[in-house]
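User: Could you take me through the salt bridges in this structure? I would like to begin with the overall picture and then look at single pairs.
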Amino acid sequence: MNISAMLKTFCDAVERRDGRAFADLFTEDGVYHDVFYGAFKGRAKIAEMIDDWFYRTATDFRWDMHSPVSDGETLYARYTFSYRSELPEANGARAMFEGVAIMKLRAGKIVQYHEVANTAPGFVDMNFAPERIAKIVARQGAALKARPEMQRHLAE
C-alpha cells in the first residue's frame, strides 16, 4: 500500500466532490467519524457524506495531508483543510482548519477514520457568534468525555 498515493486520492476526491472514489478507500463496513456531522458507516453513507453533507453549505474545498506516519495498521497524518462557506453569516469567507487524521487500516483500506481538529479558527472565519462557538465546543467536550479512554480522567 502506497500511503502517499492513498492520501492524495483521499484529498482529491473531496476536492472533486467524488464521493464514490472517496468511499472506495474504505472497507465495506468502514466508518468515517466527522468532527461536525458525526459517524457515517458503509461506503454508501460515506459517499453521501462527501457528495451531500460536505457540499450542502460549502464549495471550493482544499485538503492537504502532511507528514504521514503508519505502522501498516494505523495511519496518522497532520492536515490542513479549507472551504468557502455558503452560510449566510460567513459572507463567502474561506474557513480554515487544521487537524490530525487517525485511520485504522485493513488490507490497504480504511476501516475507521477519526480526526482531532482545531475548529475554532474556522468558526471565527465564518463569523459565528461567540455563543454559537461556545455551544459547538461544549458539544465537542461532551463527546470527548463520553469516550471510553477518557473515563479514567473523569474519576474523582
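Predicted model: local features only at pLDDT ≥ 70, side-chain atom pairs only at ≥ 80, totals over all residues.

User: How many salt bridges does the structure hold?
Analyst: There are 10 salt bridges in the structure.

User: Which residue does Arg94 form a salt bridge with?
Analyst: Arg94 pairs with Asp60, and their closest N and O atoms are 2.3 Å apart. Arg94 belongs to strand β5 (residues 94-106) and Asp60 to strand β3 (residues 58-70), so this pair ties together parts that are 34 residues apart in sequence.

User: And Arg94, is that buried or exposed?
Analyst: Arg94 has a relative accessible area of 14%, which is under the 20% limit, so it counts as buried.

User: Now a helix, please. Where do Glu48 and Lys45 lie?
Analyst: Both residues are in helix α3 (residues 43-54), and they are 3 residues apart, about one turn of the helix.

User: What is the relative accessibility of Glu48?
Analyst: Glu48 has a value of 33% and counts as partly exposed. Lys45 is also partly exposed, with a relative accessible area of 44%.

User: Another pair: what does Arg147 form a salt bridge with?
Analyst: The partner of Arg147 is Glu149, and the closest N and O atoms are 2.6 Å apart. Arg147 is partly exposed at 39% relative accessibility, and Glu149 is partly exposed at 47%.

Key
Residues numbered from 1 in each chain as written. Heavy atoms only, no water. Salt bridge = Lys/Arg side-chain N within 4 Å of Asp/Glu carboxyl O. Helix = DSSP H or I, 4+ residues; strand = E, 2+ residues; numbered from the N terminus. Buried < 20%, exposed > 50% of the residue type's maximum accessible area, 1.4 Å probe, protein only.
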